[in-house]
Amino acid sequence: ILRIDAYNGGSVTFGGTGVNGPNTWLIVDLHGVGAALGTASGPIAIAALNVVFPAGSAGGGANFSGTISGLAGQGAAGAGQIVPNPDSRFRFDSCAIGSVNCIVLPLEVLPIGNPLQEFSIGSLLNQSDDDDLFLPLVSRRDY
C-alpha cells in the first residue's frame, strides 16, 4: 500500500515512467481548505486506486494515465475508487475516476421534510362505483 497526501494546495506529479506497482494499492488523499485542494497527476500502473477529497470542496483535482488492475481507458477509470463521490475534476485516462463509461451520474439530494407526510394509503377507486363504468384505455390509433 502506497499512500500519498497532498494537503492545502500541495501538488504531486509522477514524472517519467510514473508509479509502476502492478501489485500495489495507491491511495491519494487531496484534502485542503476551500480552493486550496491538492492536485495529483502522472502515469501509473497499479493494482488498485483510491482518491480521497473532502465533500463540497472546490478546486484541486487529479489527472492520471496508465492502468489499474491491467485495465486502461474507461475500464481503468471505472475500476478506480473515489471518496466521497465521482467528480469530473478527478480523472484517469480522461474519464472521471469511479465513473461508468466516462459519465458522472448526478447524486440525488434527499428531501428535507418527511417524504411520507402527504402520502395517503387508500383505494384509487370508489368502491360504490360499478365496474362497467370504467372505460378501457384506448384511442383512435388502436383501431
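Which side chain does a polar contact of 2.7 Å join to that of N50? The partner is W25; a polar contact here is a pair of N or O atoms within 3.5 Å, and within protein one must be able to donate a hydrogen and the other to accept it, while residues adjacent in sequence count only if both atoms are side-chain atoms.

Before going on, note that this is a predicted model, in which local features need pLDDT of at least 70 and side-chain atom pairs count only at pLDDT 80 or more, while totals for chains, interfaces and linings use all residues. Residues are numbered from 1 along each chain as its sequence is written, and side-chain values use heavy atoms, leaving out hydrogens and water.

N50 lies in strand 4; strands are DSSP runs of E with at least two residues, numbered from the N terminus. Beyond its neighbours within four places in sequence, N50 is in contact (heavy atoms within 4.5 Å) with W25, L26, I27, V28 and Q81.

Now for the rings. The structure holds 2 aromatic pairs, meaning rings of Phe, Tyr and Trp (its six-membered ring) with centres within 6.5 Å; planes under 30 degrees apart count as stacked, over 60 as edge-to-face and the rest as tilted. F14 and F64 are stacked, 6.2 Å centre to centre with 25° between the planes. Because F14 sits in the loop between strands 2 and 3 and F64 in strand 5, this pair ties together parts 50 residues apart in sequence. F14 is buried (under 20% relative accessible area; exposed is over 50%, partly exposed in between; 1.4 Å probe, protein chains only) at 11%, and F64 is buried at 1%.

F53 and F90 are stacked too, at 4.4 Å and 20°, and both are buried.

Conventions
Helix = DSSP H or I, 4+ residues; strand = E, 2+ residues; numbered from the N terminus.
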